[in-house]
Amino acid sequence: MRRFKVARVSAERCVNCGFCENAVCEVGSAFRRQTAAKTAVGCTGCGACVLACPYEARFLEVVQEERAEIQIKVDGERFAVPEGITVLDALEMLGFKILPFKEEPPSEGEILAPCRTGGCWACAVIIDGELKPSCVTPVREGMEISTNVHEIEPKRIVSGFQGHPVGGVGTPHWVKPVSSLLFYAPVEVACFAHGCNLRCPTCQNWSITYSASVAGHNPLKPEEAARIITFERRMNRVDRIAISGGECTLNRRWLLSFLEALKRMNRDKNARFHVDTNGTFLTRAYIDDLVDAGMTDIGVDVKALHLETFMRITGLREESLASCFLKNEWDALKYLIDRYAEKVFVGVGIPYNASLISLEEVREIGERIASISEDVQVCALDYRPEFRRRDIVKPSYEEMLVVKKTLEECGLRCVLAQTEFGRIGP
Ligand code: FES
């Protein structure tokens with residue numbers, strides 16, 4: 001008897017919203033209607049539906065059972081593994097080290113798997129000749145897997161290519177919408193990378209973050225995504241191209257190649273390349289690479305100062321990982337400002353909702369940012385009821401004014417606040 005993970009559905013919590021049909025692995029749509037009493041047929045226990053369910057109606061259970069073994073080939077060697085597991089789990093059984101984060105690109109014998117929902121494709125390996133995400137792909141009899149992916153072009157799921165009338169955290173406040181013949185006036189064009197390493201219960205873009213291949217989004221090579229967004233730039237007649245998420249930094253090779261392709265396709269001096277990120281994956285070397293690849297504008301969310309708050313906001317349960325990510329986002333912000341303030345526009349986002357973070361901590365965040373730079377653009381983001389925190393109340397206009405004033409009292413000279421009536425600030 002061996003132990004396996006299996007997804008279950010809580011009949012009390014499931015409202016039949018159907019999101020898991022669009023969000024999960026190859027077998028996901030087949031088991032939406034399973035009840036808590038049954039084992040999901042064909043479930044590999046990948047956990048993508050558990051992370052994606054907006055009602056927390058799914059959970060993983062460990063079961064002990066006999067399973068038949070199947071033969072697979074990994075990097076030319078034949079192995080027997082139990083049926084009904086993911087390729088990632090099979091690789092782990094065979095001795096590969098699976099990592100949620102690594103400062104350097106993974107070395108031989110290591111697989112980076114930060115999102116586990118089939119979005120980022122950082123975990124992708126070659127399966128029967130085709131690049132596929134190992135975290136949501138089931139093993140099959142006779143499957144041939146190659147982990148040597150460093151020579152081939154990366155892919156990931158990116159969608160939502162279009163113009164936007166408001167910018168992101170990394171959009172300078174002085175950028176105004178271009179006058180347009182379209183029904184809206186865009187400030188930039190943007191696209192969104194699926195998959196995230198954080199599990200924020202107030203995720204503001206959850207339908208993209210947690211939906212991947214089953215939703216009909218094709219994985220794109222960097223060049224393909226760059227071509228689509230460049231076309232959108234021309235159609236919308238803007239200078240700015242942005243990528244956000246989900247979390248766009250999880251697949252480093254993809255993002256760097258995307259920026260390089262954008263730079264090649266947009267050679268005019270007005271073109272700006274903007275990345276919005278939670279900053280948790282940004283090491284110094286990664287930031288250097290992004291700037292070298294062409295990034296001109298970056299928005300970094302700092303979600304908290306204290307670990308307890310950070311874990312509440314991000315939904316991370318593992319303290320050591322959360323602590324590493326919290327440190328990374330602050331280190332990244334300081335490094336960006338200290339090293340690249342002249343070359344790169346830096347914006348900082350601070351999510352605010354009284355049920356998530358105290359004004360006291362917002363003040364501490366403001367003081368810490370001001371100790372790095374008093375001139376950096378800071379935007380307080382009003383976190384609305386979303387995803388798994390539909391019980392919270394969106395901060396009022398007056399509350400956001402208090403947050404703005406609190407940050408200004410810390411010495412910050414360029415504070416914006418997102419409010420129910422739009423963005424206020426300089
Ligand atoms: S970890 Fe597998 S797609 Fe992101």
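**Core, helix packing and backbone features of the predicted model**

The largest nonpolar core comprises 114 residues, and those with the most contacts inside it are Cys 123, Val 348, Ile 350, Val 378 and Ala 380; a nonpolar core is taken as a set of buried Ala, Val, Leu, Ile, Met, Phe, Trp, Tyr and Cys residues joined through C-beta atoms within 7 Å. A residue counts as buried if 20 or more other C-beta atoms lie within 10 Å of its own, as exposed if 12 or fewer do, and as partly exposed in between, with C-beta atoms placed from the backbone. The model is predicted, and local features therefore need pLDDT of at least 70 and side-chain atom pairs count only at pLDDT 80 or more, whereas totals for chains, interfaces and linings use all residues. Residues are numbered from 1 along each chain as its sequence is written.

Leaving aside neighbours within four places in sequence, Val 348 is in contact with Val 169, Val 300, Val 302, Leu 333, Ile 369, Val 376, Gln 377 and Val 378, two residues being in contact if their C-beta atoms, placed from the backbone, lie within 7 Å. Pro 133, in strand 8 (residues 130-133), is buried, with 32 other C-beta atoms within 10 Å. Not counting residues up to four places away in sequence, Pro 133 touches Gly 118, Trp 121, Cys 123 and Ala 124. Helices (H or I, at least four residues) and strands (E, at least two) are DSSP runs, numbered from the N terminus.

Helix 9 has 22 residues, which should span 32 Å at 1.5 Å a residue, and its end C-alpha atoms are 31 Å apart, in agreement with that value; the expected span is 1.5 Å times one less than the number of residues. The buried residues of helix 9 are Ala 322, Phe 325, Leu 326, Glu 329, Ala 332, Leu 333 and Leu 336. These cover an arc of only 125 degrees around the axis, which puts them on the same side of helix 9, the arc being that of the directions from the helix axis to the C-beta atoms. The face turned away from the buried side of helix 9 carries the exposed residues Glu 319, Ser 320 and Asp 338, while its buried residues pack against helix 7 (284-293), strand 15 (297-301), helix 8, strand 16 and helix 10.

The axes of helix 8 (residues 307-314) and helix 9 (residues 319-340) come within 10 Å and cross at roughly 100 degrees. Helix 8 is therefore roughly perpendicular to helix 9, a term covering angles of 65 to 115 degrees, with those under 35 counted as roughly parallel, those over 145 as roughly antiparallel and the rest as oblique. Axes are lines fitted to C-alpha atoms, for helices over the stretch in contact, and angles run from 0 to 180 degrees between N-to-C directions. The contact is made by Leu 307, Phe 310, Met 311 and Thr 314 of helix 8 and by Ala 322, Ser 323 and Leu 326 of helix 9.

In helix 10 (residues 359-372), the buried residues are Val 362, Ile 365, Gly 366 and Ile 369. Seen down the axis, these fall within an arc of 100 degrees, so they line one face of helix 10. They pack against strand 16 (345-352), strand 17 (377-382) and helix 11 (397-409).

Asn 16 is exposed, with 10 other C-beta atoms within 10 Å, whereas Arg 116 is buried, with 24.
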